[in-house]
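My plan was to look things up piece by piece and jot down what I found.

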Amino acid sequence: MSEETLSNLLHEGRRFPPPAELAEHANVTAEAYARAEADRLGFWADAAQRITWAEPFTQVLDWSDAPFAQWYVGGKLNAAYNCVDRHVESGHGDQVAFYWEGEPGDTRTVTYAQLKDDVCRAANALVELGVKTGDRIAIYMPMIPETVVAMLACARLGAPHTVVFGGFSAKALSDRILDCGVEVVITADGGYRRGAAAALKPAVDEALESCPAVRSVLVVRRTGQDTPWTAGRDVWWHDLVDRQSPDHTPEAFDAEHPLYVMYSSGTTGKPKGILHTTGGYLVGVTWTHWAVFDIKPDTDVYWTAADIGWVTGHSYIVYGPLANRTTSIMYEGTPDTPHKGRWWEIIQKYKATILYTAPTTIRTFMKWGADVPAEFDLTSLRLLGSVGEPINPEAYIWYRDTIGGGRIPVMDTWWQTETGMHMISPLPGVTAGKPGSAMRALPGVSADVVDDAGHSVPNGAGGYLVLTEPWPAMLRTLWGDPDRYRDTYWSRFPGLYFAGDGAKKDEDGDIWLLGRIDDVMNVSGHRLSTTEIESALVSHPKVAEAAVVGATDPTTGQAIEAFVILRGSAGDGGADVVKELRDHVAKEIGPIAKPRSILVVAELPKTRSGKIMRRLLRDVAEHRPPGDATTLADSSVMDLIAEGLATSTQAGAEED
């Protein structure tokens, strides 16, 4: 982002105050900021009363072993009970938990009573498979109700789940299974994607060739396609789960009992197993979901249009909405299948009141044109949300005007897999929205922008986004690697959590997120490590060396640009080789990691010590004159790369 663009952003003059009726009836008022500032821990103690505790906590926060936190010390609870049983017990069993829409058009309506019974049956089935408290279970599923059931069944038993995005490869799945010590995998024969059945079970079988500890695979029949089978290990969901009792008594677990592990890319290439525990996480996602989306459980129909395989799905499809007794929409497929109005058709059908999606998707809708949503009745919407990356002002205005009819607020939320919950966001009944800015930290959350020395910067200045106080839904550690947890998040600025993002304060003190400052790319809201993609490229027998950078892309936020040196036996590196390498990355990591382009080069820009100067490659990929190249061993390399990129006819996204 240029300084001129940044300057324009930071002087954004448009303001959108809350609609009067929304402000009058909002769940949270401006008083919450003052209350939280006066007594932060008291604020979070009050927020904890939104959930049900089997045993009360005796201390809100123990930070004596910082940066390792314990929240709600002494408290015991069960996450699944909080998400389903208590709503049935309070007389809301007939309320819809999910309107599920399959991509081909099949539908299911799941009430809280039905969901409770399904979760109990699944929990009993897992017990029959030998699952005990503390066992880890991998879930590799499409967007179907059984995915939610599987997660809650694990939570009910105190068996931490690790959900792996269904678009990831067998290798990515096996890496996560091995790191987490998984013994049971829950999957499906496949799911529907872009109008076709996409198999999942074969990837599980391939992954388990290197995972001998996995003893059971529970398989949901979704597509009905031919499915490879391993007798004695594989079992159909309908054969095992459906015959179980719908009754199961949940056990209350310590607030710090592990709830789930979610893997996120890291700059070293090895994915990080981010651990979230039960009490603090559930409080954090329940309060922020209720506050940021102004949830009215008796009237709202809420839709987080994301995949459960990412943290957005965990926090704001499953745990937060269900704990708040929300009626949600869940959709299996893509926005353009079978037509580009699919989402708006769903909103019209179910009279959705809240939509939460990513700027990448919003920009895609912008390209398709306003005439597409104009064919549908979107007047039921009363609130919009944005997640995954900073939203540019143009997309914000289009979203507000075209989808929101120019009348409803946009909640631009900043948070991470690591934070577990919203951290910076407007509040719908309080904030005058500013296009492009996530605004300020939520009540009870402490965020700042600091310089290289860790000192707070003045308004109008930029630096590094940090969190200055612990928060309930924070990650507790990295699975099996507490030293990496400390080094990754707490060593850059002692006593401060460093988010890895650049940020700037505008003249009002509002925060603008400027994206990652490390080598983790944000592609359509998916965090991908450059090192991980480079490793995949070099694993191909034709590649001698590779460098990957993230280049700005108007639709996906960032796009993956790769530069490779081929082995002598690989030929001249024509279009066929480029396609082969892009497909190889997709197989090793997943389709979302496929480079937008691959340029075959004779040399990479290296310093005399052998370090690849990726910033110079990023300059070339973004069509800027390369910066200072005086430290290169051979500065003519950059001229050759720039010339090659200008004349290259690389395979592009159109083939996907």
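My entries follow, grouped by topic.

**Ground rules**

I am working with a predicted model, where local features need pLDDT of at least 70, side-chain atom pairs count only at pLDDT 80 or more, and totals for chains, interfaces and linings use all residues. Residues are numbered from 1 along each chain as its sequence is written, and side-chain values use heavy atoms, with hydrogens and water left out.

**Confidence**

I looked up pLDDT first; it is the predictor's confidence in each residue, from 0 to 100. The chain has a mean pLDDT of 91, with 93% of its residues at 70 or more. Residues 1-9 have pLDDT below 50, and this stretch has eight contacts beyond near neighbours in sequence; contact here means heavy atoms within 4.5 Å. Residues 649-656 also stay under 50, and the model has 17 contacts for them beyond four places in sequence.

**The annotated N-terminal span**

I then checked the UniProt record. Its unreviewed entry puts "domain: Acetyl-coenzyme A synthetase N-terminal" on residues 30-83. UniProt positions are given in the numbering used here, feature names are shortened, and annotations may be inferred rather than shown by experiment. The span of residues 30-83 is 39% helix and 28% strand, and its end C-alpha atoms lie 28 Å apart. Helices (H or I, at least four residues) and strands (E, at least two) are DSSP runs, numbered from the N terminus.

I looked at helix α3 (residues 31-38) and helix α4 (residues 40-47): their axes come within 5 Å and cross at roughly 120°. That makes α3 oblique to α4. For the cut-offs, angles under 35 degrees count as roughly parallel, over 145 as roughly antiparallel, 65 to 115 as roughly perpendicular and the rest as oblique. Axes are lines fitted to C-alpha atoms, for helices over the stretch in contact, and angles run from 0 to 180 degrees between N-to-C directions. Ala32, Arg35, Ala36 and Ala38 of α3 meet Arg40, Phe43 and Asp46 of α4. By class, I note four nonpolar, no polar and three charged residues in this contact. The classes are: Ala, Val, Leu, Ile, Met, Phe, Trp, Tyr, Cys and Pro nonpolar; Asp, Glu, Lys and Arg charged; the others, Gly among them, polar.

Strands β1 (residues 59-65) and β2 (residues 68-73) pair in the antiparallel sense over four bridges; two strands pair if DSSP finds at least two bridges between them. Two residues link β1 to β2 in a hairpin, and aspartate 65 stands opposite phenylalanine 68 in β2.

**The binding-site annotation**

Which residues does UniProt give as "binding site"? Its unreviewed entry lists Arg193, Arg194, Gly195, Ala196, Thr312 and Ser524. They are spread over 332 residues of sequence and also in space, up to 25.2 Å between C-alpha atoms.

I followed arginine 193 into strand β9. Strand β9 (residues 190-193) pairs with β10 (residues 196-199) in the antiparallel sense over four bridges, and arginine 193 stands opposite alanine 196 in β10. The hairpin has two residues between the strands, and arginine 194 takes a positive phi near 55° there.

**The seven-stranded sheet**

Next I traced an open sheet with mixed pairing, in the order β5-β4-β17-β16-β18-β19-β20. β5 (107-111) and β20 (410-412) are at the edges, each with a single partner strand, so one side of each has no neighbour in the sheet. Neighbouring strands are turned by 20° against each other on average, direction ignored. Helix α6 (residues 112-128) packs on this sheet, touching β4 (96-101) and β5, and its direction makes about 90° with that of β5.

Inside the sheet, β16 (residues 301-304) and β17 (residues 327-331) run parallel and are joined by three bridges. Tryptophan 303 has isoleucine 329 of β17 as its bridge partner.

**A helix pair**

I checked how α11 (residues 279-292) and α12 (residues 311-323) pack: the angle is about 85° and the axes are 8 Å apart. The two helices α11 and α12 are therefore roughly perpendicular. The contact of α11 with α12 has seven nonpolar, six polar and no charged residues.

**The four-stranded sheet**

Last, I traced an antiparallel open sheet in the order β21-β22-β24-β25. Its neighbouring strands are turned by 45° on average, direction ignored. Strands β22 (residues 462-467) and β24 (residues 497-505) share five bridges, and leucine 467 has tyrosine 497 of β24 as its bridge partner.
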